[in-house]
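Biologist: I have the sequence and a model open. Walk me through the fold, one question at a time.

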Amino acid sequence: MKYTASRLSEGNKLFPAEIMIEKTGLTIKIPGLFSGDETSVAYSSISAVEIDTPLIGFSTIRFFHNGNKVEAHGFSKSDVKEIKAAVENARNQ
């Protein structure tokens, strides 16, 4: 399953962030004009998932794994809730 951030959100005008949910883990792509960042994280290494859903605006999701934090912004509230639920279900299996 693939989730793409809104182009209307801050920092995603030209190159929106993407989160891909796979069988063994997830991949987070934060593209940029001259460089980008792509992180693959196994479900077993994720220690926590945080979501920030403001009343108005776009949501942010954070993944904590092996002492690192990966953050993506610009998703709808329903998308971040689905992503968090999918990750927690995969971690519990």
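Predicted model: local features only at pLDDT ≥ 70, side-chain atom pairs only at ≥ 80, totals over all residues.

Biologist: Across which strands does α1 lie, and at what angle to β2 does it run?

Modeller: Take the strands first: α1 lies across β1, β2 and β3. The angle is then read against β2, and α1 runs to β2 at about 35 degrees.

Biologist: How far apart are the end C-alpha atoms of α1, and what span should its residues give?

Modeller: Helix α1 covers residues 77-92, which is 16 residues. At 1.5 Å a residue, α1 should span 22 Å. The model agrees, because the end C-alpha atoms are 23 Å apart.

Biologist: Which residues of α1 are buried, and within what arc do they fall?

Modeller: The buried set is D79, V80, I83 and V87. Seen down the axis, these residues line one face of α1, because they fall within an arc of 95 degrees. An α-helix has 3.6 residues a turn, so residues three or four places apart point the same way. The arc asked for is 95 degrees.

Biologist: What covers those buried residues of α1?

Modeller: The cover comes from strands at several places in the chain. It includes β1 (2-4), β2 (18-21) and β3 (25-30). Also included are β5 (46-52), β6 (59-65) and β7 (68-75).

Biologist: Which residues have the most contacts inside the largest nonpolar core?

Modeller: That core has 19 residues. The residues with the most contacts inside the core are I19, I28, I61, F63, F75, I83 and V87.

Biologist: What does I19 touch, leaving aside its neighbours within four places in sequence?

Modeller: Some partners are M1, K2 and Y3, with T27 and I28 also in contact.

Biologist: Which strands stand at the edges of the open sheet?

Modeller: Four strands form this sheet in the order β1-β2-β3-β4, with antiparallel pairing. Two of them have a single partner strand each, so one side of each is left without a neighbour in the sheet. The edge strands are β1 and β4.

Biologist: What is the bridge partner of E18 in β3?

Modeller: Strands β2 and β3 run antiparallel, joined by four bridges. Within that pairing, the partner of E18 is K29.

Biologist: Which residue in the turn between β6 and β7 has a positive phi?

Modeller: Seven bridges join these antiparallel strands. One of them pairs T60 with H73. The hairpin leaves two residues between the strands. The residue with a positive phi, about 50 degrees, is N66.

Note on methods
Residues numbered from 1 in each chain as written. Heavy atoms only, no water. Expected span 1.5 Å × (residues − 1). Buried < 20%, exposed > 50% of the residue type's maximum accessible area, 1.4 Å probe, protein only. Arc of directions from axis to C-beta. Contact = heavy atoms within 4.5 Å. Pairing = 2+ DSSP bridges. Core = buried A, V, L, I, M, F, W, Y, C linked by side-chain atoms within 4.5 Å. Axes fitted to C-alpha atoms, helices over the stretch in contact; angles between N-to-C directions.
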